[in-house]
Amino acid sequence: MAHEVVDGSSMQRALTRITYEIIEQNKGVENLVFVGIKTRGVYLAKRLAKRLNQLENVSVPVAALDVSLYRDDRHVPDHHREPTVKTDQLDVDITDKHVILVDDVLFTGRTVRAALDALMDMGRPKRISLAVLVDRGHRELPIRPDFVGKNIPTAMNETVHVAVEEYDGHEDVTIEHN
């Protein structure tokens, strides 16, 4: 049985707050590129770019990055499998740009590590920052997000599900006890 911990309007407020933090920490929006980790990270990255456009009247490119690793919203986690990275679909030049990597849930950090490896194969960004909607803890690697929508402490036997309107037909964050 899953229970809702963040509703749709709270998600929107968290994304708006992240957008303001990005503007403040970068003292503007020059040379920014959003790279969303598929699947839901791409939708979140597009929303951040749209909100940034509304606030600053600047169009920031958005790219999608496919990092195949266990996804706790689709598979049973396999902590012994290395990620497979597909690097053919990044259609934005990231060299000398400030890349903001966007994902829905930060858990062990392995998906982000795989994404960092993929980004380095595609160019040499000036800087990479990490924005996540949910940080659930339990890191296995020394990875820390720069922008967090919500910190949600979880147990290892729980699964965090992020639903976005564009993909799931509704919006919320739920925790399911396995």
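Y167 is partly exposed, because its relative accessibility is 40%. Buried means under 20% relative accessible area and exposed over 50%, with partly exposed in between (1.4 Å probe, protein chains only). This is a predicted model: local features need pLDDT of at least 70, side-chain atom pairs count only at pLDDT 80 or more, and totals for chains, interfaces and linings use all residues. Residues are numbered from 1 along each chain as its sequence is written, and side-chain values use heavy atoms, without hydrogens and water.

A search of the whole structure finds one aromatic pair. Y43 and Y167 form this tilted pair, 6.0 Å centre to centre with 40° between the planes. Rings of Phe, Tyr and Trp (its six-membered ring) pair if their centres lie within 6.5 Å; planes under 30 degrees apart count as stacked, over 60 as edge-to-face, the rest as tilted. The pair links distant parts of the chain, 124 residues apart.

| Residue | Helix | Relative accessibility |
|---|---|---|
| Y43 | α2 (residues 40–56) | 23% |
| Y167 | α4 (residues 165–168) | 40% |

Helices (H or I, at least four residues) and strands (E, at least two) are DSSP runs, numbered from the N terminus.

Helix α3 covers residues 110–122. Its buried residues are T111, V112, A114, A115, A118 and L119. Seen down the axis of α3, they fall within an arc of 160°, so they line one face of the helix. The arc is that of the directions from the helix axis to the C-beta atoms.

The unreviewed UniProt entry annotates residues 99–111 as "short sequence motif: PRPP-binding"; such annotations may be inferred rather than shown by experiment. That span is 15% helix and 62% strand.

Note on methods. Expected span 1.5 Å × (residues − 1).
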